[in-house]
Amino acid sequence: MKNLLLLPALAMSLLTASLATAQTSSGSTVAGPVATAPSDRFVMQNGEVVLVQGKRPNPLNKNVLLSNGTKINYKSGIVELPGGKKTTLKEGDYVRPNGDIVFATPASAAQARGDNSVPAGAQFETYLDPRPAPSTPAAMESRLSEMNTKISLMAEKIQLLNQKISLLTNSSQRPADTAALDKQIQAIDAKLK
């Protein structure tokens with residue numbers, strides 16, 4: 001008989017606990033992973049972050065956690081990188097699914113690194129290749145090969161610069177010796193000219 005009286009009480013407590021859990025999880029704005037393609041981007045647009053897939057912006061209703069650990073607050077545009085550094089997106093700035101941040105203007109890029117000397121109205125210059133367009137398929141292939149080589153060199157330079165940054169940030173007691181990395185970076189710069 002006692003078991004029969006305890007059964008409804010147990011069922012009621014289980015129901016209450018499951019309702020509380022459902023309310024907590026459905027109403028929260030806790031960061032969560034979002035399925036994306038490499039070409040997608042999280043863009044600061046009209047004061048909020050939206051997910052742009054293709055050309056179509058999709059509003060977000062919760063904060064985002066990217067696979068590399070980057071967190072994006074969809075309301076404020078605050079981006080917290082895996083190392084703990086925070087930056088705030090400005091209009092037009094965006095975050096790629098891999099966590100890279102792309103700044104829309106030189107001013108927003110400068111402000112993210114703490115430099116307020118760049119005028120707010122500054123714009124990036126459009127790059128135009130001054131050389132005439134290739135006239136033959138072979139000339140086009142040659143130019144593409146040259147560009148791919150430069151892209152590879154730039155990627156190598158970025159990797160070396162990241163190594164240098166890592167050395168400089170991890171050496172708390174004595175200055176790190178970056179002379180070897182500096183020589184490699186200078187060699188790449190010479191090849192890029």
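**Salt bridges, strands and surface**

Q: Starting with Asp182, what is its relative accessible area?
A: Asp182 has a relative accessible area of 25% and is partly exposed. The class follows because partly exposed covers values between the 20% limit for buried and the 50% limit for exposed. Keep in mind that this is a predicted model.

Q: Which side chain does Asp182 meet in a salt bridge?
A: The partner of Asp182 is Lys164, with 2.7 Å from N to O. Asp182 sits in helix 4 and Lys164 in helix 3, so this pair links distant parts of the chain, 18 residues apart.

Q: And how exposed is Lys164?
A: Lys164 is partly exposed, at 22% relative accessible area.

Q: How many salt bridges does the structure hold?
A: There are six.

Q: What does Asp189 pair with?
A: Asp189 forms a salt bridge with Lys157, and their closest N and O atoms are 2.6 Å apart. Asp189 belongs to helix 4 (residues 179-192) and Lys157 to helix 3 (residues 137-170), so parts that are 32 residues apart in sequence are tied together. Asp189 is partly exposed at 26%, and Lys157 is partly exposed at 22%.

Q: What about Lys75, which side chain does it meet?
A: Lys75 meets Glu48 in a salt bridge, at 3.0 Å from N to O. Lys75 is in the loop between strand 5 and strand 6 (78-80), while Glu48 is in strand 2 (residues 48-53), so the pair ties together parts 27 residues apart in sequence. Lys75 has 47% relative accessibility and counts as partly exposed; Glu48 is partly exposed too, with 30%.

Q: Switching to strands: in what order do the four strands of the open sheet run?
A: The order is 4-5-6-7, with antiparallel pairing. Strand 4 (64-65) and strand 7 (86-88) are the edge strands, each pairing on one side only.

Q: How many bridges are there between strand 4 and strand 5?
A: Two bridges, in the antiparallel sense, with strand 5 covering residues 71-72. Val64 stands opposite Ile72 of strand 5.

Q: Back up a bit. How many helices and strands does the protein have?
A: It has four helices and nine strands. From the N terminus, the elements run α-β-β-β-β-β-β-β-β-β-α-α-α.

Q: What share of the residues counts as buried?
A: Of the 193 residues of the protein, 22% count as buried. The protein exposes about 13,900 Å², and carbon and sulfur atoms supply 59% of that.

Terms used: Residues numbered from 1 in each chain as written. Predicted model: local features only at pLDDT ≥ 70, side-chain atom pairs only at ≥ 80, totals over all residues. Heavy atoms only, no water. Buried < 20%, exposed > 50% of the residue type's maximum accessible area, 1.4 Å probe, protein only. Areas by Shrake-Rupley, 256 points an atom, 1.4 Å probe, with all protein chains shown as cover. Pairing = 2+ DSSP bridges. Salt bridge = Lys/Arg side-chain N within 4 Å of Asp/Glu carboxyl O.
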